[in-house]
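Visitor: Please walk me through this fold, and tell me what each label rests on.

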Amino acid sequence: MRIIGIDPGFALMGYGIVDMQGNKFQAVDYGSLATPAGMDMPSRLKMLYDDLTAKIAEFKPQAASIEELFFNQNITTAIFVAQARGVAILACANAGIPVYEYTPMQIKQALVGYGKAEKKQMQQMTKLLLGLKEVPKPDDTADALAAAICHGNSAGEPKPLRVRKGI
């Protein structure tokens, strides 16, 4: 199975495409999609959409794993990241790819075995599981690869992204 992992962001959107065969993973492509800081938000979102759509068309993943948003103190940044996340989900949906979401804790649990693992532990485990020479940089890229591996390691049949009750 080919999985694309996405770490949503509007300045940098990490992506990682992995092939899973049995319980082994192989990195196919990874990196981050960047938008210029001075660009207006609609143009940044379009750029992210176009770039992600091109990656999807090139590599044809069968599933998408996206990190659930973690809200911190800065609500404005959270809104911008949520918009970028929506663009990523739309790009996958338009390509007919089912989208699955995982919390940062679920991703850490799936990779390290501990939901409160430190970022460095996650990065080292991503490197190890994919047989890479170095930890993928920037962090958004490593996080996207981790999200893809998390989906591959998920037991049973995970459910695609759905609207929660009450929303």
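Guide: The backbone oxygen of Ala147 lies 2.7 Å from a polar atom of the side chain of Ser65. This is a predicted model: local features need pLDDT of at least 70, and side-chain atom pairs count only at pLDDT 80 or more, while totals for chains, interfaces and linings use all residues. Residues are numbered from 1 along each chain as its sequence is written, and side-chain values use heavy atoms, with hydrogens and water left out.

Visitor: Why is Ser65 called buried?

Guide: Buried means under 20% relative accessible area, exposed means over 50%, and partly exposed lies in between (1.4 Å probe, protein chains only). Ser65 has 0%, so it is buried. Ser65 belongs to strand E4.

Visitor: Which residues is Ser65 in contact with?

Guide: Contact means heavy atoms within 4.5 Å. Leaving aside neighbours within four places in sequence, the partners of Ser65 include Ile3, Ile4, Gly5 and Ile6. Tyr100, Tyr102, Ala147, Ala148 and His151 are also among them.

**The sheet**

Visitor: What makes E4 and E5 a pair?

Guide: Strands (E, at least two residues) and helices (H or I, at least four) are DSSP runs, numbered from the N terminus. Two strands pair if DSSP finds at least two bridges between them. E4 (residues 63-67) and E5 have four, in the parallel sense. Ala64 stands opposite Val99, and Ser65 stands opposite Tyr100.

Visitor: In what order do the five strands stand?

Guide: The order is E3-E2-E1-E4-E5, in an open sheet with mixed pairing. E3 (24-34) and E5 (99-102) each have a single partner strand, so they stand at the edges, with one side of each left without a neighbour in the sheet. Neighbouring strands are turned by 20° against each other on average, direction ignored.

Visitor: How do you know that both faces of E5 are covered?

Guide: Look at which residues are buried. Val99 and Glu101 are buried on one side, and Tyr100 and Tyr102 on the other.

Visitor: How many bridges join E2 and E3?

Guide: There are 10, in the antiparallel sense. In one of them, Met13 has Leu33 as its partner. The hairpin has two residues between the strands, and Gly22 takes a positive phi near 65° there.

Visitor: Why does Asn23 count as exposed?

Guide: Its relative accessibility is 66%, so Asn23 counts as exposed. Asn23 lies in the loop between E2 and E3. From Met1, Asn23 is 22 residues away in sequence and 11 Å away in space, C-alpha to C-alpha.

**A buried aspartate**

Visitor: Is Asp29 buried or exposed?

Guide: The value is 18%, so Asp29 is buried. Asp29 lies in strand E3.

Visitor: What makes the approach of Asp29 and Tyr15 a polar contact?

Guide: A polar contact is a pair of N or O atoms within 3.5 Å; within protein, one must be able to donate a hydrogen and the other to accept it, and residues adjacent in sequence count only if both atoms are side-chain atoms. The side chains of Asp29 and Tyr15 are joined at 2.9 Å. The side chain of Lys55 also makes one with that of Asp29, at 3.4 Å.

**Helices and loops**

Visitor: What describes the packing of H4 and H5?

Guide: Two packed helices are described by the angle and the distance between their axes. Axes are lines fitted to C-alpha atoms, for helices over the stretch in contact, and angles run from 0 to 180 degrees between N-to-C directions. The axes of H4 (residues 119-130) and H5 come within 10 Å and cross at roughly 65°. Among the residues in contact are Met122 and Leu129 of H4, and Ala142 and Ile149 of H5.

Visitor: Where does H5 lie?

Guide: H5 (residues 139-153) lies across E1, E2, E3, E4 and E5, at about 35° to E2.

Visitor: Which peptide bond is cis?

Guide: The bond from Lys137 to Pro138 is cis, with omega near -5°. Pro138 is in the loop between H4 and H5.

Visitor: Why is Lys60 called exposed?

Guide: Its relative accessibility is 60%, so Lys60 counts as exposed. Lys60 is in the loop between H1 (41-59) and E4. Its phi is near 50°, a positive value in a residue other than glycine.
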